[in-house]
Amino acid sequence: MDIKVWMYLIYLAVSVGLTIWVARALARNGQVFLEEVFADERLARAVNSLLVVGFYLLNLGYVTVSMKHPDPVDSTSQAMEELSMKIGLVLLVLGALHFFNVFALGRYRRNRLRQMAPHPPLAPIGRLPMQYAAAPHQPAPHQPVPQPVGAPPVGAPTVGAPTVGPQQGGPQQGGTGPGTNPQAR
């Protein structure tokens with residue numbers, strides 16, 4: 001027999017064997033993934049078998065179309081080089097089909113989970129005002145009031161100020177002057 005015929009036979013045997021092995025492995029291990037994607041075991045089995053049939057058709061079709069080699073093969077080393085090139089292309093096609101299937105099924109799963117979510121995630125459109133128990137600029141009764149450096153203590157009369165009436169810095173009752181606290185009314 002011619003070297004080219006042996007190359008074709010080896011190519012067919014290796015390519016068909018790889019296709020069957022990969023298809024069985026993907027069908028067996030992909031069943032769990034498909035059940036998660038479709039959330040229905042019966043539908044997952046049906047899609048799995050359809051994917052296996054499509055995988056066989058596409059890959060074996062590629063193997064048979066790419067089998068032809070127009071140039072003559074004169075040596076065994078040239079036959080091995082051509083054989084490795086053809087088998088490498090078959091492996092690349094197998095890998096591309098696998099990743100395409102995983103990508104498409106992953107997108108389908110994300111869309112299904114997004115549709116099943118009770119509330120879609122939304123960005124906040126504003127902030128609510130904070131509610132305080134006491135006005136934020138009034139210190140609590142047990143905390144000292146911060147005073148500027150050199151200022152007299154709170155409640156001490158200032159020079160030239162009348163000693164009758166409310167002290168400077170203290171709350172006034174019923175007034176509308178600058179010391180009036182509008183939130184204390």
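I started with burial: buried residues make up 21% of the 185 residues in the chain, where buried means under 20% relative accessible area with a 1.4 Å probe and protein chains only as cover.

I noted that this is a predicted model, where local features need pLDDT of at least 70, side-chain atom pairs count only at pLDDT 80 or more, and totals for chains, interfaces and linings use all residues. Residues are numbered from 1 along each chain as its sequence is written, and side-chain values use heavy atoms, with hydrogens and water left out.

Next I looked up the surface. The chain exposes about 14,200 Å², and carbon and sulfur atoms supply 65% of that; the area comes from the Shrake-Rupley method with a 1.4 Å probe.

Then the fold: I found three helices and zero strands, with helices being DSSP runs (H or I) of at least four residues and strands (E) of at least two.

What sits in the largest nonpolar core? I counted 13 residues, and Met7, Tyr11, Phe55, Leu83, Val90 and Leu94 touch the most other members. Helix H1 (3-38), helix H2 (41-65) and helix H3 (76-116) each supply at least two residues of this core, and H3 gives the most, with six. A nonpolar core is a set of buried Ala, Val, Leu, Ile, Met, Phe, Trp, Tyr and Cys residues joined through side-chain atoms within 4.5 Å.

I zoomed in on Met7. Leaving out residues up to four places away in sequence, Met7 touches His69, Val73, Ala79, Glu82 and Leu83, a contact being heavy atoms within 4.5 Å.

Last entry: a second, separate core has six residues, including Leu34, Phe38, Val47 and Leu105.

Conventions: Buried < 20%, exposed > 50% of the residue type's maximum accessible area, 1.4 Å probe, protein only.
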